[in-house]
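Visitor: Could you walk me through this one, starting with the aromatic rings and moving on to the helices?

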Amino acid sequence: MATQDRQAVLTILSLALGAFAIGVSEFAAMGLLPYYAADLSVTEPEAGHAVSAYALGVVVGAPVLAVLGSMIPRKLLLILLISFFGLGNLLSSMSTDLTTLIIGRFASGLPHGAFLGISMLFAAEFSPEGRKARGVAQVLMGLTIANVIGVPLAGAAGQVFGWRLCFVVTAAIAAASALMITRVAPNVQTGPMPSPLRELGALANRAVWSTLMIGAIGFGGVFAVYSYFSAAMLDATTAPAWAIPAALSGFGLGGVLGNLIAGRLADWSRLGGALLLLGGMVLMSLLYTVVIGDWLMMSLSIFLLGTTASLAIPLQMRLMDVAGEAQTLAAALNHAAFNAANALGPFLAGRALAAGHGWGATGQVGAALAAGGIVMLALAWFESRSRARRVMPAVMPAE
């Protein structure tokens, strides 16, 4: 038993290490944008296409790689995905012009959603009953720790030694993750071997789509506030220079705490846990709107908002309950939905700012999107009740 426990811990660590690499690559690349823009002799808006290319790679790669990889054992697929991610980052580090960088960032984004989604499935499969959501949360802890430690360190190193170092280090971490998965992860696969046709069945499952819509709309509330937080602190407060990076690290610390909470909430109730997190997102976004100008309170509110940012965990568990034999595609689509939220939140908040509303408008937009997620959650709940009445099974998945 002790050997199994040790293997489970090491496996979770190997998957979390891959998630850490993904988090560093995605977020540190945004902070280093001015440096690779200058080095490649392009404007910052042009360099921003590399950031968009990564997000596009996530949205395209999540469903495509999940379906194409469905016939490969999950352990091998995870190794291939994180290895490909590392190669994409190496290509990014060797870019001599913007086009090559865009290709490298797009390639890096392709395995993002599939790796994280399948990692969470993998972790849940070898976790004991009643603790599966906590296994999922531990994998995602790699992303939150990346925001607390990895992104600031990568940004600082990139500024001193050059932006290319960030992608080289990320590739090295991805290689370490691939090696650890190879050596310590068990060969677990419950149920029949997935097939492309069965995976595509998720696209005809209303319960899958209703769950994805909760994240695609509701999680936009976090990004609406987070994307403009630094600009609001600079413009609306007299905060010291260290306050912004400290506050952003506080957001990451809030995410660590939120992961621990969300795992337990999801084991208690999938939709109930999601409702509590979305409700907290509404309240924290509204709190943010009334404390604009007070940098201490703004820092506190962004920390508290971070505790609600683990919505992916109960939604992932919900997808595992309703996706049937299309587990791999549904898990990957979960991360594509959250990247859609990453686009929706900043876009709507930016429109509000462009219309002349103050920085508090970003919190109002965030609260509205989180409330929209609650509406989607209510529809998902009614859909599940309707399905229960139609099928009338003796046992229904935990909601």
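Guide: Gladly! Rings of Phe, Tyr and Trp (its six-membered ring) pair if their centres lie within 6.5 Å; planes under 30 degrees apart count as stacked, over 60 as edge-to-face and the rest as tilted. This is a predicted model, where local features need pLDDT of at least 70, side-chain atom pairs count only at pLDDT 80 or more, and totals for chains, interfaces and linings use all residues. Residues are numbered from 1 along each chain as its sequence is written, and side-chain values use heavy atoms, leaving out hydrogens and water.

Visitor: How many aromatic pairs does the structure hold?

Guide: Ring pairs link Y36, W163 and F167 into a cluster. Overall, the number of aromatic pairs in the structure is 8.

Visitor: Which kind of residue makes up the contact of α10 with α17: nonpolar, polar or charged?

Guide: Contact means heavy atoms within 4.5 Å. Ala, Val, Leu, Ile, Met, Phe, Trp, Tyr, Cys and Pro count as nonpolar, Asp, Glu, Lys and Arg as charged, and the others, Gly among them, as polar. The contact includes L212 and G215 of α10 and F338 of α17. With no charged residues and 2 polar, the other 11 are nonpolar.

Visitor: Is S41 buried or exposed?

Guide: Phi of S41 is near 60°, a positive value in a residue other than glycine. Its relative accessible area is 68%, so S41 is exposed.

Technical notes:
Helix = DSSP H or I, 4+ residues; strand = E, 2+ residues; numbered from the N terminus. Buried < 20%, exposed > 50% of the residue type's maximum accessible area, 1.4 Å probe, protein only.
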